[in-house]
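Here is a short briefing to read alongside the structure. Have a look at the ligand and its surroundings, then at the protein chain as a whole.

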Amino acid sequence: MAARTVLITGSTSGIGLGIARAFAKAKYNIIFNGLEKNGHEIAAAVAKEFQVDHMYSPANALHTDQLRTMVDEGLKQFNHIDVLINNCGVQHVSPIETFPDQKWDDILRVNLSSAFFLTKALMKPMKTKQFGRIINIASAHGLFASEYKSAYVAAKHGVLGLTKVTALEGAPFNINCNAICPGYVRTPLVDAQIRDQAKSHDISESEVIPRVILQKHAVKKFVPVELIGRLSLLLADEISATLTGTAIPIDGGWSAQ
Ligand code: NAD
């Protein structure tokens with residue numbers, strides 16, 4: 001069988017990059033995406049390390065036309081996109097009354113709407129192929145709230161709704177769709193939150209990790225990106241057709257409480 005192709009948004013940093021490495025190790029062709037200035041080099045280095053074909057797109061999730069172009073270019077290069085992983089995301093931490101309007105709009109677009117537009121663009125080719133795997137990287141904040149994260153929590157709850165609808169519409173066509181809900185993973189996104197939360201709670205950055213960030217984890221450790229990569233590979237597998245419409249927490253026991 002020809003190598004399968006995975007498109008992963010936000011895959012030149014953090015969790016997305018970890019997922020890309022897992023799929024490259026499993027010999028998928030990778031369509032990388034992300035706004036990192038050295039995105040091209042990051043993508044090429046992973047492809048070289050694991051000897052897989054790749055493409056890099058700097059498509060900005062704020063712009064729907066750029067997302068469509070990325071899909072068109074990916075289909076042109078690889079002929080098929082078998083797995084879509086909607087991972088790109090941004091965060092802003094602020095009380096509601098001072099939460100900037102533009103940040104609200106941008107967070108909804110990057111964290112939620114981009115997943116809809118990419119799913120929309122790939123649904124038809126996946127239906128035609130009678131195979132598709134869609135994985136939405138939501139968050140424990142898709143299941144629970146924390147103060148000062150109104151836009152992020154709203155977007156991630158929305159991602160779980162989109163996941164369920166996609167699972168229902170995809171079911172007759174061997175397309176599954178699941179969400180992964182990680183607790184805290186040490187990435188640049190969380191590093192920024194550590195700084196913001198320290199300011200909001202008026203405590204030092206070293207205090208904010210155990211007292212605020214990992215406070216809700218029963219296991220007082222950051223979730224390793226490699227674990228999210230392995231779970232994503234399982235969800236993308238042929239065997240996972242009946243595993244669909246779920247929201248799977250990897251959260252150090254946060255959701256057990
Ligand atoms: P990160 O900041 O390391 O990576 C985010 C990626 O998204 C980057 O590649 C960035 O360039 C890309 N991105 C941001 N805005 C974009 C835009 N407008 N267009 C295209 N790409 C854009 O963050 P991360 O922690 O790896 O987060 C990845 C996903 O995991 C996000 O959806 C995040 O909400 C989710 N998540 C993270 C954690 C955590 O603790 N780190 C926990 C739960 C869920």
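Around the ligand there are 30 residues, and those that come nearest are Ser13, Asn87, Tyr152, Val185 and Thr187. Please keep in mind that this is a predicted model. The space that the ligand takes up is the largest pocket.

**Who surrounds the ligand**

- Helix H1 (14-25), helix H5 (150-170) and helix H6 (188-201) are the elements that each give two or more residues to the shell around the ligand.
- H6 supplies the largest share of that shell, with 3 residues.
- By residue type, the shell around the ligand divides into 16 nonpolar, 12 polar and 2 charged residues.

**Backbone contacts and burial**

- A polar backbone atom of Ile15 lies 2.8 Å from an oxygen atom of the ligand.
- For Gly10, a polar backbone atom is 3.5 Å from an oxygen atom of the ligand.
- How much of the ligand does the protein bury? The ligand taken alone exposes 820 Å², and the protein buries 94% of that.

**The protein chain as a whole**

- The protein chain has 8 helices and 7 strands.
- Its radius of gyration is 18 Å, close to the 18 Å that the globule rule gives for 257 residues, so the protein chain is as compact as a globular protein of that length.

Notes: Residues numbered from 1 in each chain as written. Predicted model: local features only at pLDDT ≥ 70, side-chain atom pairs only at ≥ 80, totals over all residues. Heavy atoms only, no water. Near = heavy atom within 4 Å. Polar contact = N/O pair within 3.5 Å; in protein donor to acceptor, adjacent residues only side chain to side chain. Areas by Shrake-Rupley, 256 points an atom, 1.4 Å probe, with all protein chains shown as cover. 1 Å grid on protein atoms, 1.4 Å probe; cavity = no way out; pocket = protein on both sides within 12 Å on 5 of 7 lines; lining within 4 Å. Sits in = over half its atoms within 2 Å of the grid points. Helix = DSSP H or I, 4+ residues; strand = E, 2+ residues; numbered from the N terminus. Nonpolar A, V, L, I, M, F, W, Y, C, P; charged D, E, K, R; others polar. Rg over C-alpha atoms; globule rule 2.2 N^0.38 Å.
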